[in-house]
Amino acid sequence: MEHRGMDAKKDFSAEAQNDGVLSDNMSARELQIHEHGIQKFSRLGWKRLTVVLITEAIALGTLSIPSTFATLGMVAGVICCIGIGLIAIYTSYVVGQVKVAHPQIANFADAGYVLFNKFGCGRFGYELVTVMLSLQLLFLIGSHCLTGSIALSTISDSNVCSVVFAVVSAIILLLLAIPPSFTEMAILGYIDFASIVIAVGITIIGTGVEATNSTGLSNVNWSAWPKENITFAETFISVTNIIFAYTITICQISFMDEMHTPKDFTKSVCTLGAIEMVIYTCTGALIYAFVGQDVQSPALLSAGKTLSRVVFGIALPVIFISGSINAVVFGRMIHGRIFKNSYIRFVNTPAGWATWLTTITIAVIIAFIIAEVIPFFDDLLSLMSALFLSGFTFYFPALMWFFLIRKGSIFTPKNLALGALNILVFLIGLVTLVAGIYSCVVDIVSLHLAYPKSLIVK
C-alpha cells in the first residue's frame, strides 16, 4: 500500500474533516490557514530527511564510543559498532514501512496505538509509548544540556559554577528549537554534520600526533581484548552506549510525517546507517588506538587541554543543534496532541506561536532539571538506552513486523527467515532492557559509594 506524501496529507485532511476539524462553518481565512499549514509540513525530501536524521542521531553517541572500546577491546568494539548498526538499519526500515502503510500516524506514539490496537488496547499503547517517547526526548535534551555545560566550562577554563553554564546551554537549546518545521531544521543540520566531522577529525589527528611525539604509537596501551577484571555492569554499559549512538527510529516517524514522498525513506535510512557505522567505528578504533586505556568520555576531553578547548568550540553546533531537534520532536508531539482538532497545531498564527513557544520552553526547563539531577555522562546515556531505546530500536519494530507489515503466511521461506530475525531482535531488546537497567544501577551505586558527595555537588 503506497501513498505519495500529498495524498497522505489529503487523507489526513479528510479524516480531520470527519472528526470536526474542518466544518461548514469554518471561515475562508481559517481554511487558508489550514491549507498553508498542510503545505508547510509537507516539504521534506529524502536528502533533507537524511540531514535531520543525522542531526538527531550523530551527536553525543560519538563522544562516548572511544571509552566503550577501552572497556570492550578493539575486536568487540568494532563488532558491536557494525553489528548493532546493521540491526538499527533493519529496524529503522521496518518502522519506515509502518509509516508508509499507515500515513495517518504522525509520531512513534501513534504507531504504538496502531500496534497495540491489534491486541484490543490501542489507547493504552498510545499512552504508554507517549510517556516513553516523552521521557526519552527529555533525557536526550538533558544530555545535550549537560554536555553543553561541560563544553562551555572546558572552553572558558574558568571556575564558574557548572549550573551557570547549564543555564546558558538550556537557553541556546531553546532558541534553536523555535523553528517548528523539520525542513527548516535541516538547514541547521548541515552545520551540525560539518561540526561533528571536523571536531572528531581534529581529535583523531591531535591524539595521533600526541601519541607519536610522546610514547610512540607502538607503546600506546590499547588491547584487542576486553580490559582485565571487567565486570558485567561495565560490559553492558559500554554496549548500551553504542546502542544509544544508533538512535535512528525514535524520531523517524515524526520526520517522515513531513515528507512529500514518504516511500523514499529507504534511501535516507541506508545513507544514515552507512555514515554512522563509518564514523562510530573509525572514531572509536582510532582514538582508542592513539590514547589507549586512558581515553575519556566525552572523547573530546582526550585531546589535551588546549586542543580540547578548540575542539569543544568547534563541536558546540552539534551539541546544541542535535539537542534542539529533540526539543522540536517533543514539542510537535505534545503541541499536536493538545491542538489536534485546531489549526493552531500548524504554528502559523499568533496563538499557534504562543502555545508552541510555551511548550518547548517547558520541555527545556524539565530537561535542564534532569541534567542537574543526573550528572553522570555515561550513566545518563546507559539509563536512556536501557529504559527506552531497547523498545524503540528493538522490540517495538520486531512486534511491528509480526503484526503490522508481515504479508502472507508465517510459514513461507521468506517469512520464516524474517520471523527468526525479528525474534532475535525482540530478544535483544528484552536483554538490553533488563541487563541495561541492572548494570546502570550497579554502576551508579558503586560510584555513589566511592564519591558520596558527587551525586549532590557538581
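Reader: How many aromatic pairs does a search of the whole structure find?
Author: The model is predicted, so local features need pLDDT of at least 70 and side-chain atom pairs pLDDT 80 or more, while totals for chains, interfaces and linings use all residues. Residues are numbered from 1 along each chain as its sequence is written, and side-chain values use heavy atoms, without hydrogens and water. Rings of Phe, Tyr and Trp (its six-membered ring) pair if their centres lie within 6.5 Å; planes under 30 degrees apart count as stacked, over 60 as edge-to-face and the rest as tilted. On this basis, the search of the whole structure returns 16 aromatic pairs.

Reader: How many residues apart are Phe119 and Phe403, whose pair links distant parts of the chain?
Author: The rings of Phe119 and Phe403 are edge-to-face, at 4.8 Å centre to centre and 70 degrees between the planes. Helices are DSSP runs (H or I, at least four residues), numbered from the N terminus. Phe119 is in the loop between helix H6 (108-117) and helix H7 (122-156), and Phe403 is in helix H15 (residues 377-405), a separation of 284 residues.

Reader: Is Phe403 buried or exposed, or partly exposed?
Author: Buried means under 20% relative accessible area, exposed over 50%, and partly exposed in between (1.4 Å probe, protein chains only). The relative accessible area of Phe403 is 38%, so Phe403 is partly exposed.

Reader: Which residues does Met400 contact, leaving aside neighbours within four places in sequence?
Author: Contact means heavy atoms within 4.5 Å. With those neighbours left aside, Met400 is in contact with Val94, Val95, Val98, Phe108, Ala111, Leu115 and Ile405.

Methods. Helix = DSSP H or I, 4+ residues; strand = E, 2+ residues; numbered from the N terminus.
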